[in-house]
Amino acid sequence: MDNLLLPKDSTVSKKQLVQEKLAQLIKENKFSEGDKLPSERDLARLLNVSRNVLREAIVTLAGIGTIEVRERQGIFVKKQDNFGIADNLQNLQALPSELVTYQMEARIIISVPAARMAAERRTEEDLKKLWECFENFVNCPYQTKEEQMQNSKWEALLHYLVVEAAHNPVISRINESINSFVEKNNILVHPDLISETGWMEHIKEQHKRIITAIEVKDPILAGDILKKHMLESIFLMEKNYPHITARFSHPYWAL
């Protein structure tokens, strides 16, 4: 394999560089459909990035359907059979305020039932990933802009892992298609939301309760807490940041 070493002084984010380099290799057929990529350890070394940065890039590429992470097997190039869902969403034309509200509707429709299914279907490996992500989220500082962005990414990943624990490949694929929106939305609103007095500690506790409900296999509680968390986030955005949210006459959560 060619040396993929990334420059240490690059002004572009390392995560973005990792995504672009891996996607470029796949597109140029250096890796073909079904090929297994090197291990995380080897990729991190080759790309000169931490494994945390690499994992973020892998989650994003998995979200758009470029690669597939198979439990206990590794990372594989994925067949491009998503029926154009990701491409269609990337080209979606909507005002920013509308897009925020639309994607929150979609997330509630997908995530709440998925959390309930996760409580019934989760594996020990799922729990390990959820708690590991949770620890990274709660221990990530959020004082500087860079820290706030990293903190928001850990939260987005946590929500992604909840849906993955439902083990429904169709729901996972749909969720993957909006995953980039979730991360962008978090980066947009997260710094303002966490400045609310007591909000950060509140959502840390909510996430902990969601994972605990999944762990003890309580589907009703898992779904209810996740729905409450998302509704509180929506109402806080509508109240304090009306310029980035659109008010609909009959939003899904009011039906």
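The term pLDDT denotes the predictor's confidence in each residue, on a scale from 0 to 100. This is a predicted model, in which local features need pLDDT of at least 70 and side-chain atom pairs count only at pLDDT 80 or more, while totals for chains, interfaces and linings use all residues. Residues are numbered from 1 along each chain as its sequence is written, and side-chain values use heavy atoms, with hydrogens and water left out.

**Colour by confidence.** The chain has an average pLDDT of 79, and 78% of its residues score at least 70. Now select residues 81-95, where pLDDT stays under 50. For this stretch the model has 13 contacts (heavy atoms within 4.5 Å) beyond four places in sequence. Where pLDDT is low, the predicted coordinates should not be read in detail.

**Show the secondary structure.** The chain contains 10 helices and two strands; these are DSSP runs, numbered from the N terminus, with helices being H or I of at least four residues and strands E of at least two.

**Select helices α6 and α7.** Helix α6 covers residues 124-139 and helix α7 residues 145-164; they pack at an angle of about 160°, with their axes 9 Å apart. Axes are lines fitted to C-alpha atoms, for helices over the stretch in contact, and angles run from 0 to 180 degrees between N-to-C directions. The angle makes α6 roughly antiparallel to α7, a term for angles over 145 degrees. Residues in the contact include L130 and F134 of α6 and W154 and L158 of α7.

Among the residues making the contact are L127 and W131 of α6, and H207 and I214 of α9.

**Centre on I214.** Which residues touch the most other members of the largest nonpolar core? They are L54, I67 and I214, in a core of 57 residues. Such a core is a set of buried Ala, Val, Leu, Ile, Met, Phe, Trp, Tyr and Cys residues joined through side-chain atoms within 4.5 Å, where buried means under 20% relative accessible area (1.4 Å probe, protein chains only). Helix α10 (residues 219-240) gives the most to this core, with eight residues. Leaving aside neighbours within four places in sequence, I214 has contacts that include A115, L127, V162 and A222.

Key:
Buried < 20%, exposed > 50% of the residue type's maximum accessible area, 1.4 Å probe, protein only. Parallel < 35°, antiparallel > 145°, perpendicular 65-115°, else oblique.
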